[in-house]
Amino acid sequence: EERAHARATEKSDDEGAAAPHAAAAAATTPAASATAASSAASAEEGDERAAQCAWEVLPGRKPSKSKGKKKSKQQKAASAAKSSYPEPLVLEGPAEDIEWMAWHPKSPALLCGSADCTAWVFNASTGECISVLAGHEGAVTVGVFSTSGKKVITASDDGTLRVWAPATGECKTVIRGDGWFEAGDPVVSLACHPTKPLVIAGGTDGTARLANTATGRVLAVLRHRSAAAATLEKASARAEDALAKAVDAATSRLRAGETSVELSIPGSSGAASDGAEADAVASAAPADAAASGAGGTSEPAQGDAEAEEGAEDEGADPVEMDVPSVEGVGFCPVEGLQLAATGASDGTMRVWDMSTFSVRAACRQEGSIVRLQWHPTEPAVVTCASDGSVRAFDARDGTTIAVLAAHAEVCLDMQLRVWDRPDGATDGSVPWGEAVIATGGDDGRAALLELGI
């Protein structure tokens with residue numbers, strides 16, 4: 001900007017020095033007079049255009065101007081827009097990265113979690129720090145205010161969940177062990193029940209856990225990978241490995257000079273028993289889970305690993321499998337519907353009946369689910385995913401209600417809200433009573449979408 005102004009000043013000086021010569025030329029030649037006038041006008045227009053370009057590129061800084069020069073219309077408009085924004089209020093405290101933020105449901109209190117193992121509660125109006133929540137032994141990965149706003153619930157990379165008094169920073173309850181996530185298993189999603197002291201949390205181990213925040217008791221473990229699916233995948237992997245070994249052995253014998261080789265698969269009886277066991281488990285799986293093609297199971301908090309250990313055959317090599325991370329969880333806010341939903345990084349979303357802890361509906365979509373949220377008044381679940389899409393599902397049967405293309409790349413976050421019409425509001429351009437979704441994507445864009453339900 002300064003260089004552009006310097007060049008403009010040099011031009012102005014040169015033109016000033018050349019003015020007498022131009023006047024003399026104009027007295028003798030009319031054509032020369034017209035040329036000089038045209039050059040002066042072009043130079044002045046070029047200076048103004050250069051100043052405008054500098055303002056467009058750097059909207060935070062006004063270009064330098066010589067005294068007496070008027071602002072262009074574009075500069076005046078940009079200056080007015082800048083002056084209409086208030087100065088930002090900076091909230092300082094955490095020593096490391098901020099992992100997430102959450103607003104209080106009724107007041108301008110802001111909760112944020114940090115990689116330095118602490119969570120902070122700020123008064124967003126004044127910038128005052130209300131309390132520091134210290135006690136986790138890992139990064140505080142998720143956190144929320146309770147529906148009443150009287151409690152704060154946080155979870156961490158250390159696998160624990162803590163309940164706090166936000167005004168004092170006192171830790172009221174710690175949930176760990178006894179059916180909860182194992183130490184070191186990060187908790188990556190969290191939601192509170194709208195009316196009961198219940199919380200549901202999703203982890204990187206492929207499960208969601210339901211707990212009572214008043215008593216600290218773990219009520220259920222909801223698995224995104226069913227026992228049938230796990231057993232079938234293990235049996236398939238072992239059979240494929242055995243077949244590859246048999247082919248290699250037969251090829252070696254043929255190269256050694258044998259003319260005929262019988263293909264013998266080591267451990268074929270074991271593979272067959274694995275398949276039979278998988279069929280037996282699959283036949284006993286819940287009907288809705290089997291129909292979905294990606295079933296889920298639930299179990300009491302006690303004896304959490306028995307199903308996994310029982311699926312392993314003695315003497316068999318362990319098979320590593322990708323375990324989906326449960327990235328989104330939530331309770332249904334519609335009165336009378338005891339439902340919860342979980343969404344995972346493998347693109348599956350499940351709706352659970354909280355009275356029986358069984359799968360009521362299961363859906364699958366392209367891309368990993370990043371966030372999940374219930375519609376506040378309808379039995380519908382909305383998800384955003386790594387393919388940039390936003391989808392809405394009917395929680396009663398799992399059917400797809402809507403698919404919205406929000407971003408060209410990963411959809412990083414979303415927030416759904418129904419705009420209630422305030423008293424006296426007459427603006428017809430606002431979609432009062434309809435669900436509006438705000439999203440942010442990895443393509444550098446933010447989007448506002450109307451869901452239409």
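Visitor: What does arginine 371 form a salt bridge with?
Guide: Arginine 371 pairs with aspartate 413, and the closest N and O atoms are 3.3 Å apart. A salt bridge here is a side-chain nitrogen of Lys or Arg within 4 Å of a carboxyl oxygen of Asp or Glu. Bear in mind this is a predicted model, where local features need pLDDT of at least 70, side-chain atom pairs count only at pLDDT 80 or more, and totals for chains, interfaces and linings use all residues. Residues are numbered from 1 along each chain as its sequence is written, and side-chain values use heavy atoms, with hydrogens and water left out.

Visitor: Which strands do arginine 371 and aspartate 413 lie in?
Guide: Arginine 371 is in strand S18 (residues 369-374) and aspartate 413 in strand S22 (residues 411-418), so the bridge ties together parts 42 residues apart in sequence. Strands are DSSP runs of E with at least two residues, helices are runs of H or I with at least four, and both are numbered from the N terminus.

Visitor: How many salt bridges does the structure hold?
Guide: There are 6. Among them, aspartate 394 meets arginine 396 at 2.9 Å, N to O, and aspartate 443 pairs with arginine 445 at 3.6 Å.

Visitor: Aspartate 394, buried or exposed?
Guide: Buried, with a relative accessible area of 12%, while arginine 396 is partly exposed at 46%. Buried means under 20% relative accessible area, exposed over 50%, and partly exposed in between (1.4 Å probe, protein chains only).

Visitor: Switching topic: how many aromatic pairs are there?
Guide: The whole structure has 2. Tryptophan 120 and phenylalanine 122 have ring centres 6.0 Å apart and planes at 10 degrees, so they're stacked. The other, tryptophan 180 with phenylalanine 181, is edge-to-face, with 5.1 Å between centres and 80 degrees between planes. Rings of Phe, Tyr and Trp (its six-membered ring) pair if their centres lie within 6.5 Å; planes under 30 degrees apart are stacked, over 60 edge-to-face and the rest tilted.

Visitor: And what sits over the ring of phenylalanine 181?
Guide: The charged end of arginine 209, 4.8 Å from the ring centre. That label needs NZ of Lys or CZ of Arg within 6 Å of the ring centre and within 35 degrees of the ring normal. Phenylalanine 181 itself is buried, at 2% relative accessible area.

Visitor: Last one: how many disulfides?
Guide: The count is 0, where a disulfide is a pair of cysteine sulfur atoms within 2.5 Å. Cysteine 192 is buried at 18%, and cysteine 117 is partly exposed at 23%.
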